[in-house]
Amino acid sequence: MAAPTNLDIDVLRTFVTGHDLGSYAKAADRLGRSQSAISLQLRKLEETTGQTLLRKSGRGLALTQEGEIMLGFARRLLVLNDEAVAALRNPSLEGHVRVGLLPDFAETWLPDVLGNFARAHPNVQVEARVERSATLKDAIGRGELDLALTWNEGDDAAPGTEDLASLPVVWIGQRDFTRHADEPLPLVMLEQPCLFRRRGLAALDAAGLSWRLAFTSPSLSGLWAAVAAGLGITLRTPQGIPERASILDTTIIGLPTVGEVGLRLYTSNGSSASPAATHFCSILRDSCLAHLAAGSQ
């Protein structure tokens, strides 16, 4: 029986850090290692997996297809490793954490994050608030939340913010949706204010396409129900799309592309944040990046 192959957590951390910073030279500075040590670690990871994970791209390195797969697993392994270490080192962690979450994630991977954190730190009370992006930002500004995961509304990053990722904005509808050129495009949208509604209508107007609001909902669950029922199409990221809906091919249907939207992490209190809030913020960040990386494969 062949001996099991074990991945080195330190090597995985180097691999992920270099990718996130966009440079393994920067990773060397961040991790306090020489560039030659970083190169040895990356070579070790490729030898362990038996795959080429990185390729030259200009003056830097880019992920191969196998590297993209490895990145998703590496993020997940690091999250579990850090949660295990934190649970053992901080068994007495206590306090109250108020976190704001987008509904796009609240019904998918975030409940597992909250559950795992609660089991690891039973003396920390987590208060999760699921709201739309603008509401969460206002709550952060009023000091009602310790941290919040929101969409980037296009404003400049302020102290206490961190841009985590950019996600594609896509048109979503029933799989057999057909656009009739002689009829206004039926839209399913959230009530204002809504970043996706604003950008979608602007794109349609710029393209000279007529539209009508077939269904307006105050909640994301209502929006998905209307899309699944065939009342119209909507604009969102690929996160949490219901089974009866799918991403529409804009080239076939003749819809304008809308680009991407940023995912931003807001924190309050700065250096005065509690240890519990700081620790949960780290777990939320790592879990979010791991989820997005896994979903892109």
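1. Basis. The model is predicted, with local features requiring pLDDT of at least 70, side-chain atom pairs counting only at pLDDT 80 or more, and totals for chains, interfaces and linings using all residues. Numbering starts from 1 along each chain as its sequence is written, and side-chain values use heavy atoms, with hydrogens and water left out.

2. Helices α2 and α3. Helix α2 (residues 24-31) and helix α3 (residues 35-49) have axes that come within 9 Å and cross at roughly 110°. Helix α2 is therefore roughly perpendicular to α3 (the class for 65 to 115 degrees; angles under 35 count as roughly parallel, over 145 as roughly antiparallel and the rest as oblique). Axes are lines fitted to C-alpha atoms, for helices over the stretch in contact, with angles from 0 to 180 degrees between N-to-C directions. Helices (H or I, at least four residues) and strands (E, at least two) are DSSP runs, numbered from the N terminus.

3. Residues of that contact. Y24, A25, A28 and L31 of α2 meet Q35, I38 and L42 of α3, where contact means heavy atoms within 4.5 Å. The residues divide into six nonpolar, one polar and no charged (nonpolar: Ala, Val, Leu, Ile, Met, Phe, Trp, Tyr, Cys and Pro; charged: Asp, Glu, Lys and Arg; polar: the others, Gly among them).

4. Aromatic pairs. Rings of Phe, Tyr and Trp (its six-membered ring) pair if their centres lie within 6.5 Å; planes under 30 degrees apart count as stacked, over 60 as edge-to-face and the rest as tilted. The count comes to four aromatic pairs. One of them, F105 with W151, is tilted, at 5.9 Å centre to centre and 45° between the planes. Because F105 lies in helix α5 (residues 103-106) and W151 in strand β5 (residues 147-151), the pair ties together parts 46 residues apart in sequence. Both residues, F105 and W151, are buried (under 20% relative accessible area; exposed is over 50%, partly exposed in between; 1.4 Å probe, protein chains only). One aromatic cluster comprises F105, W109, W151 and F196.

5. Sheet. Three strands form an open sheet in the order β10-β7-β11, with antiparallel pairing (a pair needs at least two DSSP bridges). Strand β7 (residues 170-173) is joined to β10 over three bridges, and I172 stands opposite T234 in β10. Helix α8 (residues 195-206) lies across β7 and β10, at about 120° to β10.

6. Residue V16. V16 belongs to helix α1 (residues 9-21) and counts as buried because its relative accessibility is 6%. Leaving aside residues up to four places away in sequence, V16 touches L71, A74, R75 and L78.
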